[in-house]
Amino acid sequence: MTTHANRTEKLDLRLTAQAKHTLVAAARAQRRSLSEFVLESALVRAEEALADRRVFQLPPEKWEAFVAALDAPPRDLPRLRELLRKPGVFSGDGRA
């Protein structure tokens with residue numbers, strides 16, 4: 001992690017001995033402190049989890065096609081309509 005900002009916040013974490021052992025071993029393998037390893041790993045995973053919620057980029061021609069698809073009227077899908085009309089396995093109709 002190449003940030004020079006002062007770290008003023010603290011995060012406490014409870015974990016099993018095995019989980020800590022695994023994290024320590026991974027940090028050592030990368031020649032990093034446990035804190036650096038856990039923080040960077042957590043931030044990478046957080047960025048992955050948030051990426052599709054914050055950024056949506058397309059080249060202009062694909063963006064136009066995307067917007068056109070959003071603006072187009074819905075297509076009639078008879079098989080889907082039929083499927084949605086049938087009772088589902090959790091609808092409580094008594095069938096197994």
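Helices here are DSSP runs of at least four residues, numbered from the N terminus. The structure described is a predicted model.

**Overall form**

The secondary structure of the protein comes to 4 helices and 0 strands. Along the sequence these give the pattern α-α-α-α. The C-alpha trace spans about 60 × 50 × 25 Å along its principal axes. How does the radius of gyration of the protein stand against that of a compact globule of 96 residues? The protein has 24 Å, while the globule would have a value near 12 Å.

Helix α1 covers residues 17-29, and helix α2 covers residues 34-54. At what angle do α1 and α2 pack? The angle is about 100°, and the axes of the two helices are 9 Å apart. Angles of 65 to 115 degrees count as roughly perpendicular, and α1 and α2 are therefore roughly perpendicular to each other. On the α1 side, the contact is made by K20, L23, V24, A26 and A27. On the α2 side, L34, F37 and V38 take part. By residue type, the contact of α1 with α2 divides into 7 nonpolar residues, no polar ones and 1 charged.

Buried or exposed: what is R31? A relative accessible area over 50% counts as exposed, and R31 is exposed because its value is 80%. Q30 has a relative accessible area of 48%, so Q30 is partly exposed. S33 also counts as partly exposed, at 34% relative accessibility.

The backbone of R31 has a further feature. Just after α1, R31 takes a positive phi of about 55°. This positive value occurs in a residue other than glycine.

S33 and L23 are 10 residues apart along the chain, and their C-alpha atoms are separated by 10 Å. L23 is one of the α1 residues in the contact with α2. Q30 and E9 are 21 residues apart in sequence, and their C-alpha atoms are 24 Å apart in space.

**Helix lengths**

| Helix | Number of residues | Reach | Expected at 1.5 Å a residue |
|---|---|---|---|
| α1 | 13 residues | 18 Å | 18 Å |
| α3 | 12 residues | 16 Å | 16 Å |

The reach of α1 is close to the expected 18 Å. The reach of α3, which covers residues 60-71, is close to the expected 16 Å. How many of the 12 residues of α3 are buried? The number is 0, so α3 lies largely in the open.

Key:
Residues are numbered from 1 along each chain as its sequence is written. This is a predicted model: local features need pLDDT of at least 70, side-chain atom pairs count only at pLDDT 80 or more; totals for chains, interfaces and linings use all residues. Side-chain values use heavy atoms; hydrogens and water are left out. Axes are lines fitted to C-alpha atoms, for helices over the stretch in contact, and angles run from 0 to 180 degrees between N-to-C directions. Angles under 35 degrees count as roughly parallel, over 145 as roughly antiparallel, 65 to 115 as roughly perpendicular and the rest as oblique. Contact means heavy atoms within 4.5 Å. Ala, Val, Leu, Ile, Met, Phe, Trp, Tyr, Cys and Pro count as nonpolar, Asp, Glu, Lys and Arg as charged, and the others, Gly among them, as polar. The expected span of a helix is 1.5 Å times one less than its number of residues. The radius of gyration is taken over C-alpha atoms; the globule rule is 2.2 Å times the number of residues to the power 0.38. Buried means under 20% relative accessible area, exposed over 50%, partly exposed in between (1.4 Å probe, protein chains only).
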